[in-house]
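Here is a briefing on one predicted model. It covers a helix pair, an aromatic cluster, a loop and some selected residues.

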Amino acid sequence: MFYTITSREEAISYLEKDVMPHPWHQAICLDDRAIGYILVKPESGKDKCRARVSYAVGVDYWGQGIVTRTLKVAISLVFKEFPDLIRLEALVEFENGASQRVLEKVGFLKEGLLRKYGFNKGEIKDVYIYSFLSTDKII
């Protein structure tokens with residue numbers, strides 16, 4: 001679920017298997033250089049009303065409001081690009097207070113704790129699930 005890329009080979013594999021075929025994956029750029037990404041993965045069929053959003057930015061750019069601003073723009077775009085979309089969901093590790101604050105600043109609602117839900121760095125972690133509906137207001 002969550003992982004850190006630690007080699008060039010892992011980065012290339014991630015780009016080929018996860019990024020390239022992805023329906024909505026955008027780089028976060030600063031000074032014409034990618035510093036992170038935001039992606040939205042819509043479900044299909046009867047579940048096409050919802051999508052999972054995730055994001056990451058390089059550690060040098062943490063705490064600068066970049067992801068918050070990017071997420072606000074992305075939300076507006078994806079609800080326009082996917083007309084059947086009603087609900088965005090985001091999963092955040094229990095310990096990741098910074099990412100929780102990003103989602104809350106944008107207007108996501110913390111719905112609950114999913115115990116022992118996601119695997120990261122060799123451990124099964126508790127995560128919060130957040131949602132943002134097409135009828136919600138971006139803060």
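Helix H2 (residues 66-81) packs on helix H3 (residues 97-106) at an angle of about 45 degrees, and the axes are 9 Å apart. H2 and H3 are therefore oblique to each other. This is a predicted model, where local features need pLDDT of at least 70, side-chain atom pairs count only at pLDDT 80 or more, and totals for chains, interfaces and linings use all residues. Residues are numbered from 1 along each chain as its sequence is written, and side-chain values use heavy atoms, with hydrogens and water left out.

- Helices (H or I, at least four residues) and strands (E, at least two) are DSSP runs, numbered from the N terminus.
- Axes are lines fitted to C-alpha atoms, for helices over the stretch in contact, and angles run from 0 to 180 degrees between N-to-C directions.
- Angles under 35 degrees count as roughly parallel, over 145 as roughly antiparallel, 65 to 115 as roughly perpendicular and the rest as oblique.
- H2 passes H3 in a right-handed crossing. In such a crossing the near helix is turned clockwise from the far one by less than a right angle; anticlockwise is left-handed.
- On the H2 side, the contact uses Val-67, Thr-68, Leu-71, Lys-72 and Ile-75. On the H3 side, Val-102, Leu-103, Lys-105 and Val-106 meet them. Contact means heavy atoms within 4.5 Å.
- Six of the residues in this contact are nonpolar, one is polar and two are charged. Ala, Val, Leu, Ile, Met, Phe, Trp, Tyr, Cys and Pro count as nonpolar, Asp, Glu, Lys and Arg as charged, and the others, Gly among them, as polar.

**Aromatic cluster**

- Rings of Phe, Tyr and Trp (its six-membered ring) pair if their centres lie within 6.5 Å; planes under 30 degrees apart count as stacked, over 60 as edge-to-face and the rest as tilted.
- By this rule there are three aromatic pairs.
- Phe-79 and Phe-132 make a tilted pair, at 6.3 Å centre to centre and 35 degrees between the planes. The pair links distant parts of the chain: Phe-79 is in helix H2, Phe-132 is in strand E6 (residues 123-133), and they are 53 residues apart.
- Phe-79 counts as buried at 16% relative accessibility. Phe-132 is buried too, with a relative accessible area of 1%. Buried means under 20% relative accessible area, exposed over 50%, partly exposed in between (1.4 Å probe, protein chains only).
- Phe-108 and Phe-132 also form a tilted pair, with 5.4 Å centre to centre and 45 degrees between the planes. Phe-108 lies in the loop between H3 and strand E5 (109-120) and Phe-132 in strand E6, so this pair ties together parts 24 residues apart in sequence.
- Phe-108 is buried, with a relative accessible area of 5%.
- Phe-79, Phe-108 and Phe-132 form one aromatic cluster.

- Most residues other than glycine have a negative phi.
- Asp-31 has a positive phi of about 55 degrees. Asp-31 sits in the loop between strand E1 (25-30) and strand E2 (33-42). Asp-31 is exposed, with a relative accessible area of 72%.
- Asp-32 has a positive phi as well, near 60 degrees. Asp-32 lies in the loop between E1 and E2. At 84% relative accessibility, Asp-32 counts as exposed.

**Selected residues and distances**

- Gly-63 is in the loop between strand E3 (50-57) and H2. Gly-63 is exposed, at 87% relative accessible area. Gly-63 and Val-102 are 39 residues apart in sequence and 9.4 Å apart in space, C-alpha to C-alpha.
- Arg-69 is in helix H2 and counts as exposed at 51% relative accessibility.
- Arg-115 is in strand E5 and counts as exposed at 70% relative accessibility. The C-alpha atoms of Arg-115 and Val-127 are separated by 6.5 Å, with the residues twelve apart along the chain.
- Ser-134 lies in the segment after E6 and counts as partly exposed at 36% relative accessibility. Not counting residues up to four places away in sequence, Ser-134 touches Phe-79, Leu-85 and Ile-86. The C-alpha atoms of Ser-134 and Leu-88, 46 residues apart along the chain, are separated by 8.1 Å.
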